[in-house]
Amino acid sequence: MQGFIHYAKSPEIKGIQYFDPIVKAIENREVLRLYYLPFYEDKPYFNEVHPYLLKEHESRWYLVGLNAFKGKVRTYALDRIRDLQPSTGSAYTPPDFNTEEYFKYSIGIIAPEGTAPLIKLSVQKTQAQYLITRPWHDSQNIIDENEEELVFSFRLHPTYEFRALVLSLGKDGCILEPLSLREELKKELELMLKHY
């Protein structure tokens, strides 16, 4: 008999070999020396990172920590780490933020600073059920409804991941507020049209 349950296959998780050493460094409050290759660079480079937390998003793992050279919290994809060693001689700086709250106003792995805006999104009723049954974010609420559409509100930063979700709705979704985000997406759609 053929199988009658099909599970989604997750791709091989690259960089998973760094998971345990990162967990130990977080527990022991140790600074790490990362040899890291971002997507936008040709060659990897070293970073001294004070590790704070590990986060999973869409079958990828990320390290969030303080970049000692820049003095800012950064996110590093485990699959782009080329080497990881304990750093010698650097004192660990504990996080000065609540790691549980860090991503509260974000979808994905980017957590911008500042106050998250209130976003209003109109969705055609046929597609709105997907958002109702699988909300995009904890702040999601229905604030208006008529025969054709539902209007959802979100209190979050309009990161790349959120914008991608909105654009995935196609003609069935439209940002109402803030107007600045509406205009940004309109410009993006105009640029997309030039490719077709």
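I take a salt bridge to be a side-chain nitrogen of Lys or Arg within 4 Å of a carboxyl oxygen of Asp or Glu. With that rule I count 8 salt bridges. The model is predicted.

**Entry: salt bridges**

I looked up R60 first. R60 pairs with D79, and the closest N and O atoms are 3.1 Å apart. The two residues come from distant parts of the chain, 19 residues apart. R60 sits in strand β3 (residues 60-67), while D79 is in the loop between β4 (72-77) and β5 (81-86). R60 is partly exposed, because its relative accessibility is 32%.

Next I checked K125. Its side chain meets that of E145 in a salt bridge, 3.1 Å from N to O. K125 belongs to helix α2 (residues 125-133) and E145 to strand β7 (residues 141-145), so the bridge ties together parts 20 residues apart in sequence. K125 has a relative accessible area of 29% and so counts as partly exposed.

Then I went to E184. E184 forms a salt bridge with R163, with 2.9 Å between the closest N and O atoms. This pair links helix α4, which holds E184, to helix α3, which holds R163, across 21 residues. Are its two ends buried or exposed, or in between? E184 is partly exposed, with a relative accessible area of 38%. R163 is at 17% relative accessibility, and buried means under 20%. R163 therefore counts as buried.

I also looked for shared partners. Salt bridges join R60, D79 and R80 into one network.

**Entry: the five-stranded sheet**

I traced an open sheet of 5 strands. Its order is β4-β3-β2-β1-β5, and the pairing is antiparallel. Which strands stand at the edges? They are β4 and β5. Each has a single partner strand, so one side of each lacks a neighbour in the sheet. Neighbouring strands are turned by 45° against each other on average, direction ignored.

I listed the pairings strand by strand. Strand β1 (residues 32-36) pairs with β5 over 5 bridges, antiparallel. In that pair, Y35 stands opposite D83 of β5. Helix α1 (residues 19-28) packs on this sheet and touches β1, β2, β3 and β5. The direction of α1 makes about 95° with that of β2.

β1 is also joined to β2 by 5 bridges, again antiparallel. There R33 has E48 in β2 as its bridge partner. β2 and β3 run antiparallel and are joined by 8 bridges. V49 stands opposite N67 in β3. The hairpin of β2 and β3 has 2 residues between the strands. In this hairpin, E58 takes a positive phi near 50°.

**Entry: the four-stranded sheet**

I then followed an open sheet of 4 strands. The order is β7-β8-β6-β9, with antiparallel pairing. The edge strands β7 and β9 have a single partner strand each, so one side of each is left without a neighbour in the sheet. The twist averages 30° from one strand to the next.

I checked β6 against β8. They run antiparallel, joined by 7 bridges. V123 stands opposite L150 in β8. Helix α2 packs on this sheet, touching β6, β7 and β8. Its direction makes about 130° with that of β6.

**Entry: helix α3 and its cover**

I asked which residues of helix α3 (residues 160-168) are buried. They are E161, F162, R163 and V166. Their cover includes β2 (45-57), β6 (118-124), β8 (149-155), β9 (173-177) and α4 (179-193). Just after α3, I noted G170, which takes a positive phi of about 60°.

**Entry: nonpolar cores**

Nonpolar side chains tend to be buried together in soluble globular proteins. I looked for where that happens here. The largest nonpolar core has 17 residues. Those touching the most other members are L121, L131, W136, F154, F162 and I175. β6, α2, β8, α3 and α4 each give two or more residues to this core.

I opened up the contacts of L121. Leaving out residues up to four places away in sequence, L121 touches residues including L131, W136, F154, V166 and I175. Another core lies apart from the largest one.

Notes:
Residues numbered from 1 in each chain as written. Predicted model: local features only at pLDDT ≥ 70, side-chain atom pairs only at ≥ 80, totals over all residues. Heavy atoms only, no water. Buried < 20%, exposed > 50% of the residue type's maximum accessible area, 1.4 Å probe, protein only. Contact = heavy atoms within 4.5 Å. Core = buried A, V, L, I, M, F, W, Y, C linked by side-chain atoms within 4.5 Å. Pairing = 2+ DSSP bridges. Axes fitted to C-alpha atoms, helices over the stretch in contact; angles between N-to-C directions.
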